[in-house]
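Look over the sequence and the fold, then read on.

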Amino acid sequence: MTELPWDDLRARAVEMTSRAYVPYSHYPVGAAALVDDGRIVTGCNVENAGYGVTLCAECGLVSDLVAGGGGRLVAFCCVNADGGIITPCGRCRQLLWEHGGASLRVLSPAGEVGMDALLPQAFGPESLDAVEGARGKQS
Ligand code: THU
């Protein structure tokens with residue numbers, strides 16, 4: 001397997017921290033990921049006066065992925081304002097799972113890990129498929 005471009009991804013994630021809209025937390029986050037067609041998609045967090053409506057950097061990244069033609073995420077990282085690697089929040093692990101699944105490689109503070117290590121026993125599209133009548137299946 002070819003080496004994953006962690007240095008590039010990390011640099012793109014750091015770049016994205018400068019675009020973050022964080023008037024409330026003052027905690028910019030930048031995210032970048034490699035897509036299976038070779039694209040790099042990125043995102044930054046976008047906060048809101050209604051705090052709970054805040055969009056994490058991963059939300060922007062997934063929008064970039066889908067709006068740019070879709071595909072599967074292969075390698076992902078996100079960083080804080082110091083350029084330090086952080087792990088995605090719980091909700092964003094679910095978001096990443098949908099578009100990368102177990103084989104998505106993630107750069108964590110402890111090094112490269114699989115998405116299945118960050119979200120063990122995940123609920124995903126195949127969980128819906130397992131039930132007759134769910135996800136538009138006819139019974
Ligand atoms: N944040 C992200 O963008 N991604 C994460 O995975 C963790 C948290 C943002 C949300 C909020 O704008 C700020 O970091 C502080 O929680």
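Contact means that heavy atoms lie within 4.5 Å. Helices (H or I, at least four residues) and strands (E, at least two) are DSSP runs, numbered from the N terminus. The model is predicted: local features need pLDDT of at least 70, side-chain atom pairs count only at pLDDT 80 or more, and totals for chains, interfaces and linings use all residues. Residues are numbered from 1 along each chain as its sequence is written, and side-chain values use heavy atoms, with hydrogens and water left out.

**Overall fold**

- The protein chain has five helices and six strands. In sequence order they read α-β-β-α-β-β-α-β-β-α-α.
- The C-alpha trace spans about 50 × 45 × 30 Å along its principal axes.
- Of the 139 residues, 42% count as buried. Buried means under 20% relative accessible area, exposed means over 50%, and partly exposed lies in between (1.4 Å probe, protein chains only).
- Among contacts with a separation of 6 or more, 56% join residues 24 or more positions apart.
- The accessible surface of the protein chain is about 7,400 Å², and 54% of it belongs to carbon and sulfur atoms. Accessible areas come from the Shrake-Rupley method with a 1.4 Å probe; for residues, only the protein chains shown count as cover.

**Helix α3**

- Helix α3 covers residues 90–100, and its buried residues are C92, R93, L96, W97, H99 and G100.
- These buried residues pack against α2 (57–67), β3 (73–79), α4 (115–118) and α5 (125–129).
- An α-helix has 3.6 residues a turn, so residues three or four places apart point the same way.
- G101 follows α3 and has a positive phi, near 65 degrees.

- G30 sits in strand β1 (residues 30–35). G30 counts as buried because its relative accessible area is 0%.
- Beyond its neighbours within four places in sequence, G30 contacts A13, M16, T17, G43, A57, C77, C78 and V79.
- G30 and S108 are 78 residues apart along the chain, and their C-alpha atoms are separated by 14 Å.
- T42 belongs to strand β2 (residues 40–44). T42 counts as buried because its relative accessibility is 12%.
- Residues up to four places away in sequence aside, T42 touches R12, M16, A31, A32, G60, L61 and D64.

**Helix α1**

- R10 is part of helix α1 (residues 6–17). At 34% relative accessibility, R10 is partly exposed.
- R10 touches C77, V79, G83, G84 and I85, with residues up to four places away in sequence not counted.
- A polar side-chain atom of R10 lies 2.9 Å from the backbone oxygen of G83. A polar contact is a pair of N or O atoms within 3.5 Å; within protein, one must be able to donate a hydrogen and the other to accept it, and residues adjacent in sequence count only if both atoms are side-chain atoms.
- A11 also lies in helix α1. A11 is partly exposed, at 44% relative accessibility.
- A11 and A32 are 21 residues apart in sequence and 8.6 Å apart in space, C-alpha to C-alpha.

**The ligand site**

- Around the ligand stand S25, Y27, V29, N45, E47, T54, C56, A57, E58, P88 and C89. A residue is near a molecule if one of its heavy atoms lies within 4 Å of it.
- The shell holds six nonpolar, three polar and two charged residues. Ala, Val, Leu, Ile, Met, Phe, Trp, Tyr, Cys and Pro count as nonpolar, Asp, Glu, Lys and Arg as charged, and the others, Gly among them, as polar.
- A polar backbone atom of A57 is 2.9 Å from an oxygen atom of the ligand.
- Taken alone, the ligand exposes 370 Å², and the protein buries 78% of that.

**Positive phi in loops**

- Most residues other than glycine have a negative phi.
- H26, in the loop between α1 and β1, has a positive phi of about 55 degrees. H26 counts as exposed, at 63% relative accessibility.
- Q121, in the loop between α4 and α5, has a positive phi near 50 degrees. Q121 is exposed, with a relative accessible area of 84%.
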